[in-house]
Amino acid sequence: MQFALLIYESPEAFATRNTDPYNAAWRAYYNALVEAGIYVGGNPLEVPETGTTVRLKEGKRRVQDGPYADTKEQLGGFTILELPSLDAALDWAARCPAASVGAVEVRPLAPELKRRIER
Amino acid sequence: MNGSSQEGTHRTIERVARESYGRLVAYLSSHTHDVASAEDALSEALVAALAAWPRDGVPQNPEAWLLTTARRSFIDLVRHQQVAVASEPTLLLLREESKDVSLSTAFPDERLKLLFVCAHPAIDPAMHTPLMLQTVLGLDAARIAHAFLVSPTTMGQRLVRAKTKIRDGGIQFEVPQEHELPPRLDAVLEAIYAAFGIGWDDMTGADQRGRDLAEEAIWLARVLLQLMPKEAEVRGLLALMLHCEARRAARRGPDGRYVPLSEQDSQQWSLPLIEEAERHLAEASSRGRTGRFQLEAAIQSVHADRARSGRTEWAAIMLFYEQLIRISPTLGTRTGYAAAVAEAKGPEAGLAVLGTIDLGSVSGYQPYWAVRAHLLQRLGKTSEAADAFDRAIGLAEDPAVRQFLLQRRG
């Protein structure tokens, strides 16, 4: 089954994401995912300040500068992995370089829902 | 009662709970096989103690007080659940026993049976260690879940399922017969060592969680040794864990940096722990039955000798690994052997040993890649070494280890 690792990073992590050693750790992690044959896809996101949040209230657009959630740690990217179990996904989440400087949320994808929507 | 003595009473309750938990759960559940109800009854008794002891003073025999109180609510609990099956005779038995075991007499120690129940082959092997931690040491599901990297709800459900299996699955509360002892004892030792390993790996600097679990594992081994003093492998396991524990302070630099064994300052190793480990190992080998844990302890003993001699006898370590591989050819053993061969005979020889390991089995095994990277680097094969370093870094969980490898790779 497929799991998304939602990568939440601290401001410090965002500040160092283009420099080693954080960058090198990510390269190595990506490499390990590919070599283990479990990597399905994923992408880093630009820094949270580049986000813009849109809501429609009473038919009117409310556009807000900044990311959706006002939290210390912000979504910085996601990775999708093909794994046999949640336990395996948690193992890989723990190895993620962001796990020690932020948080990694593990969520199963919802393929049933996807099929119903894409029918 | 003033504040400080109240605090003292609370500490007493904590200590009694810690020391007596497994004994009481084991004793209460040995007839009914109902571990979950025994635990519920005991926690009710502990709550009662928290109310009564600060008011009335700590009883003469706190453990017997808890047993009597727990047994009363246990009988209520079992009756309330109306588990008609075989419980009526059990209730009678329990009532009879409450008359016999007076507050001053000791009750038989059933923890050994409980340890064997927890590691029974009918129970999912992945649950052996969590069950022991909960029923013998009284750790709560949330803490166990934390250590095993699963959600507390999941761990709670698995523990409940395992306990239901114990109650309804006909698992006997007994120490296995002589002929079936070895595999069953192995499962008990494995589970204790697994707890230690989790505690060990978790130790990122000052992380109390890892330290606690490692200490609990050592404590379990001491309990087991007290109950089975003649089993050489029990001593072997205890010696192995004590040797590792002796190096805890030396594993990190003052700045939290990871320090590999070969670069550790042996002055920081704990001599009393090393000496205790050596005593157990000597006692174990005098019994003339070697086993996996004694061999692993012997390897650690050679490393520990550096504190005295200033050097490491890699040839001896290599020989112990050769024996170990015959008993337990795991990925860990074979990787350790390769590292020892490299030190004793040179990096090419070490790489040749690594070359015998099936590549398909190491895609998630970090130590293999770390050793491989190190050996390739020593041979000056820079680009191959960098690839192996990348794999090791990508698989590292401990940030300090990741940092160390990143620096090594250069």
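Biologist: What makes residues of domain 1 and domain 2 of chain B count as in contact?

Modeller: Two residues are in contact if their C-beta atoms, placed from the backbone, lie within 7 Å. By that rule, 14 residues of domain 1 of chain B are in contact with 12 residues of domain 2 of chain B. This is a predicted model, where local features need pLDDT of at least 70, side-chain atom pairs count only at pLDDT 80 or more, and totals for chains, interfaces and linings use all residues. Residues are numbered from 1 along each chain as its sequence is written, and chains are lettered from A in the order in which they are written.

Biologist: Where do the bounds of domain 1 and domain 2 of chain B lie?

Modeller: Domain 1 covers 1-102, and domain 2 covers 110-167 + 181-228; such bounds come from an automatic or database domain assignment.

Biologist: Which helix supplies the largest share of the domain 1 side?

Modeller: α1(B) does, with 9 residues. Helices here are DSSP runs (H or I, at least four residues), numbered from the N terminus.

Biologist: Why is Y368(B) called buried?

Modeller: A residue is buried if 20 or more other C-beta atoms lie within 10 Å of its own. Y368(B) has 24 C-beta neighbours inside 10 Å, so Y368(B) counts as buried.

Biologist: Which residues is Y368(B) in contact with, leaving aside neighbours within four places in sequence?

Modeller: They are L331(B), T335(B), L354(B), I357(B) and V362(B). Y368(B) itself is in helix α18 (residues 366-378) of chain B.

Terms used
Helix = DSSP H or I, 4+ residues; strand = E, 2+ residues; numbered from the N terminus. Buried ≥ 20, exposed ≤ 12 C-beta atoms within 10 Å, placed from the backbone.
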